[in-house]
Amino acid sequence: MAGSDTEKSTPPGKIQETTTTTSQQFDLNTINPQASLKYGIVTAVNTTNSILAQLEQTNTTANSNIVSRIRPLGEQLRLGLRRSVQIYDARQYYGVPIVVGSAAAIAIVVGARRGKIPAVVMGGLAGGGSYVGVYGLPN
């Protein structure tokens, strides 16, 4: 063998310690508080910057996914609102079918559950409400 048993093997990069009477672990002459503080600040800033970059990337990804799904829904909603406004503007042209249809529908439902007299009363109230909704209150 190349070495003897009396030699202590040390891992690479590690300095072999010798036993001395004075401990140099807490030697105040070798401690540099400015360098330690600067190293701590640099480490904290770098860690904070990397965390903020990851959060920004996650936020951007999430927002782009949400916006890409909401945009088509918004277009469909605008189209539906446009059509409903057109139908609402044309409601007076179809006033009679709306009033009669709502009165008849309510009368049928109430008549099936309560009887003829409540059906007539509720149908009349529904027709009156529909009339006010279509034509407005008379002046």
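Me: How many aromatic pairs does the count come to?
Reply: Bear in mind that this is a predicted model. Rings pair if their centres lie within 6.5 Å. By this rule the count comes to one aromatic pair.

Me: Is that pair stacked, edge-to-face or tilted?
Reply: The rings belong to Tyr-131 and Tyr-135, with centres 5.0 Å apart. Planes under 30 degrees apart count as stacked and those over 60 as edge-to-face, with the rest as tilted. Here the planes sit at 50 degrees, so the pair is tilted.

Me: Which helix do Tyr-131 and Tyr-135 both lie in?
Reply: The two tyrosines are four residues apart, about one turn of the helix. Both lie in helix 3.

Me: Is helix 2 roughly parallel or antiparallel to helix 3?
Reply: Helix 2 (residues 95-113) packs on helix 3 (residues 116-135) at about 155 degrees, with the axes 7 Å apart. Angles over 145 degrees count as roughly antiparallel. So helix 2 is, relative to helix 3, roughly antiparallel.

Me: What is the mean pLDDT of the protein?
Reply: Residues at 70 or more make up 81% of the protein. Over residues 3-8, though, the pLDDT is below 50. The mean pLDDT is 81.

How values were computed: Residues are numbered from 1 along each chain as its sequence is written. This is a predicted model: local features need pLDDT of at least 70, side-chain atom pairs count only at pLDDT 80 or more; totals for chains, interfaces and linings use all residues. Side-chain values use heavy atoms; hydrogens and water are left out. Axes are lines fitted to C-alpha atoms, for helices over the stretch in contact, and angles run from 0 to 180 degrees between N-to-C directions. Angles under 35 degrees count as roughly parallel, over 145 as roughly antiparallel, 65 to 115 as roughly perpendicular and the rest as oblique. pLDDT is the predictor's confidence in each residue, from 0 to 100. Contact means heavy atoms within 4.5 Å. Rings of Phe, Tyr and Trp (its six-membered ring) pair if their centres lie within 6.5 Å; planes under 30 degrees apart count as stacked, over 60 as edge-to-face and the rest as tilted.
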